[in-house]
Amino acid sequence: MKLNLFRSMNPEASQDAIIKEGKIRFTVLTSRIIRIEHDKTSFFCDRPSQVFWYRKQPVPKFDCIKLADRIEIITEHLHLYYFKGEEELSPKNLFIELKETGTIWHYGDKDSENLKGTARTLDNADGPIPLENGLMSRNGWSIIDDSSSLIFDENGWIKKRDHEELDIYFFGYGTHFKQCLQDFCKIAGMIPMIPRWALGNWWSRYWEYTQEELMELMNKFEEKQTPLSVCVIDMDWHVVNIEEYIKKRDMKHLETLKFHDGWTGFTWNEDLFPDYKALLKFLHEEKGLRVALNIHPASGIFPHEKQYERVARYMGIDPTTYQPIEFDLTVPRFYEAYFNFIYHPYEQEGIDFWWTDWQQGETSKIEGLDPLWWINHLSFYDSGRNEEKRPFIFSRYGGLGNHRYPIGFSGDTFATWQSLDFLPYFTSTASNIGFTWWSHDLGGHMGGKGFDPELYIRWIQFGLFNPIFRLHSTKNPFNERLPWEFNEEIFQIAKKVMQLRHSFIPYIYTMAWKTWNECLPLIRPMYYEYPLEENAYNFPNQYFFGSELLCAPFTSKIDEDIGQSRQIIWLPEGEWFNFFTGEYHKGNQVIVVHGLLEDIPVFAKAGGIIPLADYSNEKFKWNDTSNPPSLHVIIFPGKDNNFQLYEDDGVSQDYLKGKNVLTEFCLISKKHSLLFRVKKPLLKELFEWIPERRSYTFTFKGINPPDMITIILNGNEISGESEFQEKEQALKINKIILTPFDELEITLTVNSGSMICKKERIMEKCKKLLKYFNLESTTKKLIHDKLPSVIKSNQKLSKFFEILLKGQKAGALPISSTDLQILNNVIPLIQIANIYEELLFESDKKLIKNQLFNVDLTDLTEARNKMWIIILKSIVIKNLLSLKEKQIQALLETVQNGKTLNFLTL
């Protein structure tokens with residue numbers, strides 16, 4: 001059966017958008033994107049390339065001035081100059097001005113301030129790796145060189161270009177980053193929606209499970225109330241030890257054949273999975289899970305495979321010759337055989353998707369074609385051959401244009417803090433080329449200490465606020481990822497994270513719709529919303545998680561002295577609330593957050609509306625990721641906001657036809673009141689996708705206790721069960737039942753003061769810090785008793801840092817060789833020590849001077865270091881009851897928030 005390769009593409013731009021002059025052609029695609037082609041034979045390509053499929057766009061308004069010596073193209077945002085006469089393009093004859101800023105790009109300029117995109121893989125990464133350039137740059141412009149990109153023929157097959165022309169795309173967006181991405185998607189293809197079930201928790205491990213072991217493991221997830229939506233079976237699902245397999249089956253005719261190393265395989269290992277069809281039925285019907293198989297196809301199809309004879313005959317090979325069949329998707333007939341005879345039968349038996357694990361190079365028999373790019377393209381569209389199924393793959397990033405083929409597998413990272421610390425930046429920056437659906441090996445794939453409970457928790461907390469949540473590790477018993485294999489504390493924290501991930505699916509799925517509909521990725525760098533703020537570029541490990549939340553996960557170890565993790569966070573202008581505690585923070589400042597192992601730094605914007613699935617009713621299955629019968633909507637005060645909850649069937653391509661349900665939540669926030677509305681869904685005829693009766697719980701966080709609560713259902717006042725939670729400053733209104741035809745209004749009012757609770761929590765946080773300090777308990781009590789006076793007037797803390805700063809400056813002064821000859825001793829250092837005389841014990845003064853008089857004059861740095869250790873220790877002992885420097889810093893940050901950061905970082 002031949003497979004349909006034709007894709008809906010519209011590659012030829014309108015003639016009204018094209019300006020042609022001899023060997024050069026300009027196409028005005030948008031007011032900020034101009035395609036520039038140059039060919040010595042005046043041949044220009046209108047076929048779709050690997051990246052650009054939709055050049056047929058509404059023609060933007062522009063003027064074209066043709067003079068004897070030059071051409072000028074003037075759009076709303078750009079002014080292009082091309083001077084005729086020269087054979088080749090150069091910086092002198094081609095340049096473009098960005099009208100908004102006056103910035104000028106000359107042909108050949110290097111993009112020195114590109115904000116980067118992503119990378120093919122994190123295989124073997126142990127911390128940061130180089131990234132490819134993205135679409136956005138602080139220069140205000142970027143270039144995509146499409147000259148070496150292949151093109152599609154009229155049948156949808158890939159081929160080399162007919163001419164070697166220069167083909168570049170100029171993007172001149174300044175700081176309009178979101179619009180840049182949106183326009184790129186218009187001409188390169190939208191970011192498709194992924195199945196709803198893919199947003200739940202995935203279990204995956206490179207491990208030789210037996211059928212019984214895997215079934216028992218899935219039972220245990222359910223028993224432990226640790227939700228899953230996907231079970232991935234790694235490569236040991238298929239025959240690996242081929243020699244043993246042949247001997248057991250007495251395949252003597254294959255004994256002389258040279259076999260590969262076992263990584264490639266297409267035949268179920270019946271020794272491990274004696275009845276794999278029963279396993280698939282169990283996973284689907286009893287556990288409600290989706291199933292994937294890992295596949296390394298590079299070695300091709302060998303005679304021992306169950307599909308060999310059928311594929312061989314289709315390829316014109318006599319199967320009795322036992323000739324291995326090369327894996328080569330550049331051959332159309334093999335492409336047909338591969339998908340028809342290997343993928344499709346297994347999919348009919350219950351395989352939902354494939355994990356394509358391609359690591360075998362970037363060259364193929366079509367010059368310039370990266371096989372990974374082509375595998376991703378073909379696999380994606382094959383998976384969506386039936387409109388009842390949404391196209392979906394799981395593979396490494398194959399290059400620009402792969403935003404059309406989610407989901408990305410980021411590769412085999414090391415299980416280290418360095419790897420984890422790189423991932424927030426890596427994941428958010430990938431949005432700069434639209435590749436927003438990354439899936440990481442949560443916990444790290446290999447290496448590290450293997451069994452590090454703290455690192456494990458921080459990985460999965462990051463995974464909670466990540467595009468895809470997938471636990472995975474290599475075949476090593478010490479690289480454990482099962483949450484209950486740690487102690488009870490770790491298990492409970494991990495279970496809560498995984499439960500919360502499933503609760504977040506309604507919110508994340510809505511953002512998946514926005515990703516497709518508006519090209520607004522789930523994970524967004526800070527500069528998407530605040531491009532003119534320098535801090536938006538200075539805090540790479542924080543990002544927006546959808547439209548309502550800002551995340552800055554802990555990615556470093558708990559400090560032994562403080563007993564908590566530390567994260568420095570920039571809160572943009574406006575008002576912000578800790579998502580979990582409801583604590584209020586004024587924006588436009590840098591704050592320091594300390595947290596215990598269970599804490600995650602996440603902040604909701606003022607007016608934030610976050611709909612979660614409510615699984616508090618035990619009869620609801622955690623593994624069911626469909627539109628939930630109960631919702632828990634969390635609302636924050638401070639600003640008006642509208643949020644549309646998007647729902648559809650979750651699996652088909654009907655979303656492309658607009659078949660969905662949008663439920664609108666509306667918040668009107670005033671000083672003394674909040675008005676929250678649940679409106680009727682916009683498409684009344686499509687209620688089959690949402691429950692006929694849905695239970696709602698509403699939690700208003702970060703508010704003062706209201707004096708009046710009014711609940712109006714369809715114009716009539718009703719009563720509601722509510723409780724105010726003092727710790728989170730939250731009002732919870734429980735279990736209001738709504739049908740799709742109902743409208744609800746909730747009004748909260750305070751008689752005086754503000755609806756927003758801006759209560760200071762300094763004492764509470766200082767006590768929490770002190771509780772976990774590595775200090776003797778008597779000392780803790782003495783400090784605890786002094787906390788009120790320290791908080792009231794933090795001079796005891798701030799004076800320490802003011803003096804430290806003064807001393808740092810003095811101690812860092814360079815001392816020349818001339819100075820040494822004149823002084824012939826270390827008097828300058830003694831003088832620095834004397835600055836602190838009033839703060840030091842007599843014994844310490846003598847100790848400092850004795851050490852300094854005996855120091856080797858050739859190593860003043862060592863002398864200064866020794867002196868500082870003694871001075872700091874002495875100041876702390878005398879003035880702050882044995883607190884260590886980091887502990888003082890933590891308390892000071894808690895008292896003064898971000899105000900001390902300027903000099904702390906010197």
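Good morning. A residue is called buried if its relative accessible area is under 20%, exposed if that area is over 50%, and partly exposed in between, using a 1.4 Å probe and protein chains only. Helices (H or I, at least four residues) and strands (E, at least two) are DSSP runs, numbered from the N terminus.

The structure shown above is a predicted model, in which local features need pLDDT of at least 70 and side-chain atom pairs count only at pLDDT 80 or more, while totals for chains, interfaces and linings use all residues. Residues are numbered from 1 along each chain as its sequence is written, and side-chain values use heavy atoms, with hydrogens and water left out.

I begin with the overall picture. The protein contains 21 helices and 39 strands. It has 906 residues, of which 60% count as buried. A contact means heavy atoms within 4.5 Å. Among contacts with a separation of 6 or more, 73% come from residues 24 or more positions apart.

How many of the six residues of strand 12 are buried? Six of the six, residues 166-171, are buried, so the strand is largely enclosed by the rest of the structure. L166, I168 and F170 point one way from strand 12, whereas D167, Y169 and F171 point the other way, and all are buried.

Strand 12 also has pairing partners, where two strands pair if DSSP finds at least two bridges between them. One of them is strand 3 (residues 33-38), which pairs with strand 12 in the antiparallel sense over six bridges. In that pairing, I33 stands opposite F171. Strand 9 (residues 142-145) also runs antiparallel to strand 12, joined to it by four bridges. Here I144 has Y169 of strand 12 as its bridge partner.

I turn now to charged side chains. A salt bridge is a side-chain nitrogen of Lys or Arg within 4 Å of a carboxyl oxygen of Asp or Glu. How many salt bridges does a search of the whole structure find? The search finds 52.

One of them links R205 and E480, whose side chains meet at 3.9 Å, N to O. R205 lies in strand 13 (residues 201-205) and E480 in the loop between strand 20 (469-471) and helix 10 (488-503), so this pair ties together parts that are 275 residues apart in sequence. Both R205 and E480 are buried.

A second salt bridge joins E208 and K475, with the closest N and O atoms 4.0 Å apart. E208 lies in the loop between strand 13 and helix 2 (211-223), and K475 in the loop between strand 20 and helix 10, so the parts tied together are 267 residues apart in sequence. E208 is partly exposed, with a relative accessible area of 47%, and K475 is partly exposed at 35%.

D357 lies in the loop between strand 16 (353-356) and helix 7 (371-383), and R396 in the loop between strand 17 (394-395) and strand 18 (408-409), so the pair ties together parts 39 residues apart in sequence. D357 counts as buried at 7% relative accessibility, and R396 counts as buried at 2%. Elsewhere, salt bridges that share partners join R25, R35, E37, D46, D146, R161, E165 and D167 into one network.

A charge sits over a ring if NZ of Lys or CZ of Arg is within 6 Å of the ring centre and within 35 degrees of the ring normal. R205 lies over the face of W207, at 4.3 Å from the ring centre. K701 lies over the face of F579, at 5.3 Å from the ring centre.

Next come the aromatic rings. Rings of Phe, Tyr and Trp (its six-membered ring) pair if their centres lie within 6.5 Å; planes under 30 degrees apart count as stacked, over 60 as edge-to-face and the rest as tilted. The count by this rule is 83 aromatic pairs. The rings of F504 and Y507 have centres 6.0 Å apart and planes at 75°, so this pair is edge-to-face. F504 counts as buried at 0% relative accessibility, and Y507 likewise counts as buried at 0%.

I close with Q542. This residue is in the loop between helix 12 (535-538) and strand 22 (543-545), and it counts as buried at 3% relative accessibility. Not counting residues up to four places away in sequence, Q542 touches M526, L550, C551, A552, I568, I569 and W570.
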